[in-house]
Amino acid sequence: HDMAVVPGAFLLELARRVHRELFDTDAVSVRHIEFENPVILNDEDIAITVRIEKWENGRVTYELFEATSDVVQHAAELRPCMRMEVDGNTTTTEGVAPARFDPEEFTAYADPTGNADDFYGQLRRNGNQYDPHFQTLASVWQSGSQATGRFADTACDGLLTPPVLDACSQLLSAFTLDRGRTFILKSIGHLAVDSQNVPGPRWARASQMDSEKAGDSGLLGPVE
C-alpha cells in the first residue's frame with residue numbers, strides 16, 4: 001500500500017532548527033540519530049512535540065514525538081519517532097580536511113547507475129517513491145564499494161536542506177538497487193556539517209562497509 005512518510009531528513013532539520021533558535025548556534029556535530037517510528041501523513045494535521053534535555057557537558061539531546069505536548073507529558077512509555085544528540089561546545093567543523101576525491105576521475109571508470117529518471121525509477125520499483133522536491137541527484141555512478149552522485153544544479157545553494165541531506169542517504173541505496181528491496185534509513189551515527197561553500201557542481205560520495213552489525217539485509221557506510 002502506498003504511504004506518504006515524512007522524510008527523516010525533515011525531522012532532523014526540524015530539531016536542528018529548534019537548536020538554532022534556542023541556543024543561537026548551528027548544530028554542526030550531531031550524533032546517535034535514530035529513526036524509531038515513521039511519521040505517516042494523512043488528511044489530518046499532525047502534531048510533533050520536541051523534548052529537549054541539556055547536560056552539564058553542554059551536550060543537548062532531542063526526542064521528537066508524533067503527539068501533542070500533553071500526551072508526551074503523561075505517556076511515559078511513548079516511543080519517539082526520532083532522537084539525536086548535539087555535541088556541546090562545538091560551533092564549527094572547519095579545519096578537518098576531507099579525503100581527496102576526484103569525481104571526474106571516479107566517473108571515468110565507474111558504472112553509471114543512470115540519470116535521475118533511471119535512479120529514482122528503480123527506487124520507485126523497489127518501493128521508495130520520492131516527491132520531486134526530494135529527487136535531487138542528477139546522476140549516480142558505482143564501482144565496487146564506492147558510489148558517487150552529482151546533485152542537480154538547482155538542488156544546492158550551499159545550504160544543507162532536507163532534500164539535500166536526504167539525497168546523501170539515498171546514495172547508499174545504489175549498493176542495493178538490484179536487490180529489489182525497499183530502502184529504509186534507520187540511523188545516522190554522526191552528522192558533521194562543514195560550513196565551507198565550494199563553487200561548482202556539488203557531489204556526494206558513499207562507501208559501503210563490511211560490518212556484522214548491518215546484517216544480511218542491512219547497509220552501513222559513510223557519506224560525504
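Start by selecting Glu 63 and Arg 83: their side chains form a salt bridge, 2.6 Å from N to O. A salt bridge here is a side-chain nitrogen of Lys or Arg within 4 Å of a carboxyl oxygen of Asp or Glu. Glu 63 sits in strand S5 and Arg 83 in strand S6 (residues 82–86), so the pair ties together parts that are 20 residues apart in sequence.

Before moving on, note that this is a predicted model: local features need pLDDT of at least 70, side-chain atom pairs count only at pLDDT 80 or more, and totals for chains, interfaces and linings use all residues. Residues are numbered from 1 along each chain as its sequence is written, and side-chain values use heavy atoms, with hydrogens and water left out.

**Stay on Glu 63**

Is Glu 63 buried or exposed? Glu 63 counts as buried, at 17% relative accessibility. Buried means under 20% relative accessible area, exposed over 50%, and partly exposed in between (1.4 Å probe, protein chains only). Arg 83 is partly exposed, at 27%.

Arg 51 is partly exposed, with a relative accessible area of 38%.

Together with Arg 51, Glu 63 and Arg 83, they are linked in a network of salt bridges.

**Next, Arg 20 and Glu 13**

Select these two side chains. They meet in a salt bridge, 3.3 Å from N to O. Glu 13 is buried, at 10% relative accessible area. Arg 20 is partly exposed, at 28%. The structure holds ten salt bridges.

**Then helix H5**

Select residues 162–172. How many residues of H5 are buried? Eleven of its eleven are. Among them are Pro 162, Asp 166, Cys 168 and Leu 172. Show the surroundings next. The cover includes helices H1 (8–23) and H4 (116–125), along with strands S8 (137–143), S9 (146–151), S10 (187–192) and S11 (203–207). Helices (H or I, at least four residues) and strands (E, at least two) are DSSP runs, numbered from the N terminus.

**Zoom out**

Show the whole chain. It has five helices and eleven strands. Of its 224 residues, 37% are buried.

How values were computed: Contact = heavy atoms within 4.5 Å.
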